[in-house]
Amino acid sequence: MTETTRIQATIDTMTSALAAHDVDTILTTYEPGAVVVGTPEQPTSGAAALRALFEGFVATDPKLSFSGHSIIQAGDIALHLSPWSMTGTAPDGSAIRDGGLSVAVLRRQIDGCWLMVIDEPHGDGLMAR
């Protein structure tokens with residue numbers, strides 16, 4: 001298995017777990033201390049805060065699609081980029097539509113697996129200003 005394949009496997013595990021509403025598995029794809037920007041310009045970290053973030057997200061029954069993946073690796077650090085779109089349902093029953101450029105930084109662990117350290121799903125947000 002190549003390093004690129006291992007890196008993509010982490011992303012695939014996370015996105016499959018999102019589709020399955022499996023927050024426990026989602027969290028296994030992040031390092032302790034990872035930062036996730038679930039809402040633009042509002043970074044979240046810490047186990048309890050990330051669990052709450054993802055529990056709220058899966059409650060919207062998100063349907064995600066990706067239009068490609070790009071991985072750049074430098075030693076034990078990797079950058080994953082992917083344009084995405086999503087539909088879901090807000091707590092009030094209204095439709096949610098969102099999308100952007102996912103930017104994730106991953107780090108190779110001692111056992112050779114890759115975990116996310118920074119996850120910014122709205123990485124193209126600066127361009128919309």
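Predicted model: local features only at pLDDT ≥ 70, side-chain atom pairs only at ≥ 80, totals over all residues.
**Surface and burial**

Of the 129 residues, 33% count as buried.

**Overall layout**

Next I went through the secondary structure and found three helices and seven strands. In sequence order the pattern reads α-α-β-β-α-β-β-β-β-β. The radius of gyration is 14 Å, close to the 14 Å that the globule rule gives for 129 residues, so the chain is as compact as a globular protein of that length. Along the principal axes, the C-alpha atoms fill a box of roughly 45 × 30 × 25 Å.

I also checked contact range. Taking contacts between residues at least 6 apart in sequence, I see that 48% join residues at least 24 apart.

**Charges**

I count 7 positive and 15 negative charges in the chain. Their mean positions are 3 Å apart.

**The aromatic pair**

I searched for ring pairs and the structure holds one. It is made of Y30 and F54, with ring centres 5.7 Å apart and planes at 35 degrees, so the pair is tilted. The tilted class sits between stacked, under 30 degrees, and edge-to-face, over 60. Which parts of the chain does the pair link? Y30 is in strand β1 (residues 30–39) and F54 is in helix α3 (residues 47–58), 24 residues apart, so I note these as distant parts of the chain. Y30 and F54 are both buried.

I then looked at two residues of strand β6 (residues 95–108), starting with G100. G100 counts as buried, at 14% relative accessibility. Leaving out residues up to four places away in sequence, G100 touches S82, P83, W84, P121 and D124. I also took a C-alpha distance here: G100 and S85 are separated by 6.6 Å, though they are 15 residues apart along the chain.

S102 lies in strand β6 as well. Is S102 buried or exposed? At 11% relative accessibility I put S102 down as buried, because the cut-off is under 20%.

**Helix α1: Q8**

Q8 is found in helix α1 (residues 3–19). Its relative accessibility is 15%, so I count Q8 as buried. Which residues does Q8 touch beyond four places in sequence? I find H69, I71 and H80.

**Positive phi**

E41 has a positive phi of about 65 degrees although it is not a glycine. I place E41 in the loop between β1 and β2 (42–45). E41 is exposed, with a relative accessible area of 61%.

D61 is the other entry, with phi near 50 degrees, a positive value in a residue other than glycine. I find D61 in the loop between α3 and β3 (63–66). At 34% relative accessibility, D61 goes down as partly exposed.

Terms used:
Residues numbered from 1 in each chain as written. Heavy atoms only, no water. Helix = DSSP H or I, 4+ residues; strand = E, 2+ residues; numbered from the N terminus. Rg over C-alpha atoms; globule rule 2.2 N^0.38 Å. Buried < 20%, exposed > 50% of the residue type's maximum accessible area, 1.4 Å probe, protein only. Contact = heavy atoms within 4.5 Å. Lys, Arg positive; Asp, Glu negative; His and termini not counted. Charge placed at Lys NZ, Arg CZ, Asp CG, Glu CD. Phe/Tyr/Trp six-rings, centres within 6.5 Å; stacked < 30°, edge-to-face > 60°.
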